[in-house]
Structures are given as C-alpha cells and as structure tokens.
Amino acid sequence: MTEITLNVNKKEYRLTVSEDALLLDVLRNNLGLTGTKRGCEVGECGACTVIMDGKTVNSCLVLAVQAQGSEIRTIEGVAENGKLHPVQQSFLEYDAVQCGFCTPGMVLSAVSLLEKKAHPEETEIKEAIAGNLCRCTGYQPIVKAIKAVGEK
Amino acid sequence: MHYYRAKNLKDILNLFESEGDRVHLIAGGTDVLVEARQKPLPQDAFLLDISQTADLRHINEQGQTIHIGASVTHQELAESALIRQSAPLLAQACRQIGSLQIRNRGTLGGNICNASPCADTVPPLLALNANVHIAGLQGKRTVPVAEFFDSPYHPLLNNGEVVSAVSFAKLEPTTRTAFYKLGRRKALAISRINMAVVFKMTEEGFLEDVRLAPGSVFPAWHRVSEAETFLENKKAQLSVFEEAGKLVADKMIAISGRRWSTPYKEPVVAALVKRTLAIAAGVYKGGKL
C-alpha cells in the first residue's frame with residue numbers, strides 16, 4: 001500500500017491505495033465517483049473514459065499511482081454550478097441516451113473533442129468517439145447531439 | 001509491489017542495478033495492464049513507470065535523422081508535424097491504432113517491445129530502415145529494427161536494458177509512402193494484415209529504392225526482398241503491382257506452408273500489396289483492385 005494524492009475534478013484527495021489499484025477502481029470505490037463505469041476492463045469499450053491532463057484515457061488501463069500529479073476529470077466534474085454542460089444538455093435534447101451505460105464516457109470524449117475543436121466535422125466526431133462502444137447502438141443521435149453543440 | 005516513476009534514463013538504470021530482475025517496466029500500460037489480468041505481476045515486483053521519463057519523450061531531427069523517444073505516444077506521433085511530413089506512413093499507422101484513449105497512452109517503445117506480430121508501428125519502421133536505440137547497464141547499443149526481434153512477443157532485449165529511442169533517416173520530400181491496415185472493423189481493431197511501402201519514383205514513373213514490409217504475414221518480421229528486387233526500376237502501374245503482390249503471397253506460402261488460413265490470406269495479401277503500392281504511387285482510385 002502507498003499514499004498518493006489525486007487531483008480529481010479540481011479537488012485534491014489524499015488516499016492510501018494498493019500499488020496495483022486501477023484508477024477506475026479508486027475513482028469508484030475510494031472516491032465514490034461511480035459515474036465512471038466498469039465495462040470490459042481491457043480498454044475496448046470506453047465506459048471508463050476519464051480526461052487526464054486534457055486527454056481521454058481508459059481509467060481501467062491506468063494505475064492510480066500513475067495518475068498522481070495529473071488533473072483528472074470525471075463525468076461528475078463536467079456540470080458546473082448545478083448547470084449541465086452543453087454536451088450533456090444536447091444529449092438530453094437529442095435523446096442520445098438509451099441504457100446510459102456508455103453515456104459518461106461518450107460525454108467525456110465529446111467534451112474533450114470540443115475543447116480542442118469547437119466546430120468538428122462529422123468524421124472527426126466519429127473518430128473521437130470510436131473508442132466508446134454503445135451496445136444499444138444508438139450512435140446516430142449521439143453524433144447528432146455532439147454536432148449540434150459545435151453548431152451553436 | 002513497489003512503484004517508482006523514473007524521471008530520467010539514469011533513474012531507470014539505477015533501478016536496474018539495485019532491483020535486478022524484480023523490475024517490470026510500464027509505459028502506457030495498454031498491454032502490460034491487460035496481461036496483468038491474466039497473469040498478475042509478482043508480489044515483490046518493482047513496477048518502473050517510464051511513461052513520463054523526460055529522456056524518452058522527444059521527437060526531433062538531428063541533421064537528416066529523426067529521433068523518437070520510446071515513451072512518445074501514438075497520438076503524439078499521429079499529430080506531429082515533423083513525423084507527418086518526414087515519415088507520413090508512421091503517422092498514418094499510429095493514427096489507426098486502437099482508439100483515441102489507447103493512442104493517448106500507448107507508446108512507440110511499448111508497441112515494438114510488446115512485439116506482437118500485428119504491431120502497427122513495426123512495418124513502417126522496417127520500411128524506414130529504422131534503428132532501435134537501447135540503453136542498459138552494459139552501455140548503449142543500436143540495432144536495426146529488422147534485427148530487434150527474436151520471435152513474436154520476444155524482442156532481443158536483455159535484462160537490465162530499455163529501449164530509449166528509435167531513429168531513421170528523414171525521407172526525401174519526393175519519396176512515396178503508404179500504410180494500409182486491414183482490420184475487422186475501422187476502430188479498435190487488431191490488424192489482421194498490414195502493409196507498409198516506401199519508394200522513390202522518377203519523373204518518368206519508374207520505381208527506385210523500394211521497401212516493402214508486411215505485418216502479420218510472416219512468423220517473423222522482415223521485408224520482402226524478392227518483391228523489392230522485382231519492383232526496382234519497373235514502371236509504376238497496376239500490372240506490375242499485381243505481380244509484386246503474387247511474389248509476396250508466394251513467399252508467405254514458401255515460409256509458412258499451406259495452412260487453414262491460406263485460402264483467405266493468399267489472395268488478400270496479394271491484393272493488399274497491390275493496393276498499398278497503388279496508393280503510394282497515387283494510382284489507387286478506391287474500390288476493388
């Protein structure tokens with residue numbers, strides 16, 4: 001076990017974790033941030049996507065100890081002051097949520113894309129969310145919802 | 001288990017010295033952590049994180065040579081203006097790896113040291129005549145990428161050694177290159193077969209200095225000298241590329257024999273060679289060839 005400091009959603013947390021603990025597990029179990037979903041655990045599905053230093057990563061493929069010193073953003077840190085992020089609002093408007101399991105990862109991939117490119121093309125949107133699987137196969141409304149944010 | 005984040009190459013070598021065989025390297029973790037699920041790391045393992053090691057994070061040019069640190073990520077290579085300009089096929093290969101989440105973590109050094117037969121960066125590096133730079137307790141050494149692998153999943157790396165960088169001569173602006181990846185789907189796909197080509201084309205359209213490197217075709221990585229020799233000084237046209245494709249498929253059968261996958265792989269390898277050459281020559285218009 002080792003003591004680490006994690007910066008998650010602009011808050012510092014001091015934690016004692018096992019060296020082999022995944023960031024995914026520490027977010028969910030130690031910090032109670034269960035918006036980050038456990039899916040395939042091998043980096044295929046993107047349900048556990050978080051933003052680390054401005055880049056999307058699969059939190060199932062990052063050790064908590066590796067995330068020390070980085071800024072982590074989870075889905076819980078996307079809405080600000082009780083107001084939904086434009087991407088979240090757009091997902092609601094376009095019915096881009098079916099079972100909801102892929103939604104946190106999808107939203108974070110979209111947020112990260114839009115922060116780099118405010119008006120992405122459809123192909124860029126599809127490339128940005130290629131690492132997020134939706135088993136309800138509701139991709140069309142998701143792409144439309146992201147595109148609509150860029151067009152506003 | 002212990003965890004340590006190496007700040008520089010000296011840190012890595014010091015740990016090799018003090019911890020010996022207990023040291024397990026981790027960079028992006030996109031292979032190491034997947035494998036650790038099947039076979040957990042030993043309790044006394046010393047996990048040495050080289051993902052943020054400053055000496056392994058550079059992309060630069062020194063004279064006519066491009067140097068890439070081992071811990072540079074696939075996405076950084078895909079986005080690098082220098083790589084896109086001077087080795088476009090490597091940037092293309094990196095851009096098609098996994099997903100953005102994987103590319104943001106996975107590293108060039110990790111891709112070649114994992115030594116999977118379908119590693120996407122290896123065919124481009126073979127076609128670039130790249131060198132692998134290795135640092136270790138016994139000093140530094142450099143080997144051509146073609147001589148870096150023993151067999152699938154077994155790089156020729158000794159205990160107490162780490163790949164520090166990869167380098168290759170900058171391609172001339174007139175050099176043609178292409179990388180083609182065949183996967184079961186567009187994203188998050190493991191390559192079934194991939195192909196890298198580099199050649200020069202004279203103003204009259206004749207091929208020179210042809211380098212052809214397939215992936216997932218042979219049990220060990222190598223370029224296909226039979227096809228390269230055949231293509232030398234030939235006119236860049238589809239009939240020639242088709243012939244080269246057959247030579248590569250023949251070579252595959254000569255090495256591996258006829259196997260259950262041959263009825264699929266033989267025509268597909270031939271077609272991919274033809275297609276990749278055609279893309280590089282600028283005569284591929286899409287669709288079937």
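Predicted model: local features only at pLDDT ≥ 70, side-chain atom pairs only at ≥ 80, totals over all residues.
**View 1. Helix 2 crosses helix 5 in chain A.**
Helix 2 of chain A spans residues 86–93, and helix 5 of chain A spans residues 139–151. Their axes come within 8 Å and cross at roughly 130°. The two helices are therefore oblique to each other. The crossing of helix 2 of chain A past helix 5 of chain A is right-handed. On the helix 2 side, look for A:Pro86, A:Val87, A:Ser90, A:Phe91 and A:Glu93. On the helix 5 side, look for A:Ala145, A:Ile146, A:Ala148 and A:Val149. Sorted by class, this contact has seven nonpolar residues, one polar residue and one charged residue.

**View 2. Helix 10 crosses helix 11 in chain B.**
Helix 10 of chain B covers residues 238–256. Its axis and that of helix 11 of chain B come within 8 Å, crossing at roughly 140°. That makes helix 10 of chain B oblique to helix 11 of chain B. This crossing, too, is right-handed. Helix 10 brings to the contact B:Leu238, B:Phe241, B:Glu242, B:Ala244, B:Gly245, B:Lys246, B:Val248, B:Ala249, B:Met252 and B:Ile253. Helix 11 meets them with B:Thr262, B:Lys265, B:Glu266, B:Val269, B:Ala270, B:Ala271, B:Val273, B:Lys274, B:Leu277 and B:Ala278. The residues of this contact divide into 13 nonpolar, two polar and five charged.

**View 3. The largest nonpolar core has 134 residues.**
Five members touch the most other members: A:Ala64, B:Leu48, B:Val197, B:Val248 and B:Val273. Helix 11 of chain B, residues 262–281, gives the most to this core, with nine residues. In soluble globular proteins, nonpolar side chains tend to be buried together. Now pick out B:Leu48. Beyond its neighbours within four places in sequence, B:Leu48 is in contact with B:Tyr4, B:Ala6, B:Ile12, B:Leu15, B:Val23, B:His24, B:Leu25 and B:Ile26.

**View 4. A:Leu23 is a buried residue in helix 1 of chain A.**
Helix 1 of chain A runs over residues 23–30. A:Leu23 has 28 C-beta neighbours inside 10 Å, so it counts as buried. Leaving aside neighbours within four places in sequence, A:Leu23 is in contact with A:Ser59, A:Val62, A:Leu63, A:Ala64 and A:Ala67. A:Cys45 is 22 residues from A:Leu23 along the chain, and their C-alpha atoms are separated by 16 Å.

**View 5. Helix 5 of chain B is mostly covered.**
This helix spans residues 88–95, and six of its eight residues are buried. The buried ones are B:Leu89, B:Leu90, B:Ala91, B:Gln92, B:Ala93 and B:Cys94. What do they pack against? Their partners in chain B include four helices: helix 3 (74–79), helix 4 (81–86), helix 6 (100–103) and helix 8. Strand 11 (176–182) and strand 12 (193–201) of chain B are partners as well.

**View 6. Chain A touches chain B.**
The contact takes 21 residues from chain A and 20 residues from chain B. Which element of chain A gives the most to this side? Strand 4 of chain A, residues 55–58, does, with four residues. By class, the chain A side has eight nonpolar, eight polar and five charged residues.

**View 7. B:Ala115 and B:Tyr153 have positive phi.**
Neither residue is a glycine. Phi of B:Ala115 is near 55°. B:Ala115 sits in the loop between helix 7 (108–114) and helix 8 (122–127) of chain B. B:Ala115 counts as partly exposed because it has 19 C-beta neighbours inside 10 Å. Phi of B:Tyr153 is about 70°. B:Tyr153 lies in the loop between strand 8 (149–151) and strand 9 (154–155) of chain B. B:Tyr153 is exposed, with 12 other C-beta atoms within 10 Å.

**View 8. B:Asp150 is an exposed residue in strand 8 of chain B.**
B:Asp150 has 12 C-beta neighbours inside 10 Å, so it counts as exposed. B:Glu35 is 115 residues from B:Asp150 in sequence. In space, the two are 20 Å apart, C-alpha to C-alpha.

Key: Residues numbered from 1 in each chain as written. Chains lettered and ligands numbered in written order. Axes fitted to C-alpha atoms, helices over the stretch in contact; angles between N-to-C directions. Parallel < 35°, antiparallel > 145°, perpendicular 65-115°, else oblique. Left-handed = near helix turned anticlockwise from the far one by under 90°. Contact = placed C-beta atoms within 7 Å. Nonpolar A, V, L, I, M, F, W, Y, C, P; charged D, E, K, R; others polar. Buried ≥ 20, exposed ≤ 12 C-beta atoms within 10 Å, placed from the backbone. Core = buried A, V, L, I, M, F, W, Y, C linked by C-beta atoms within 7 Å.
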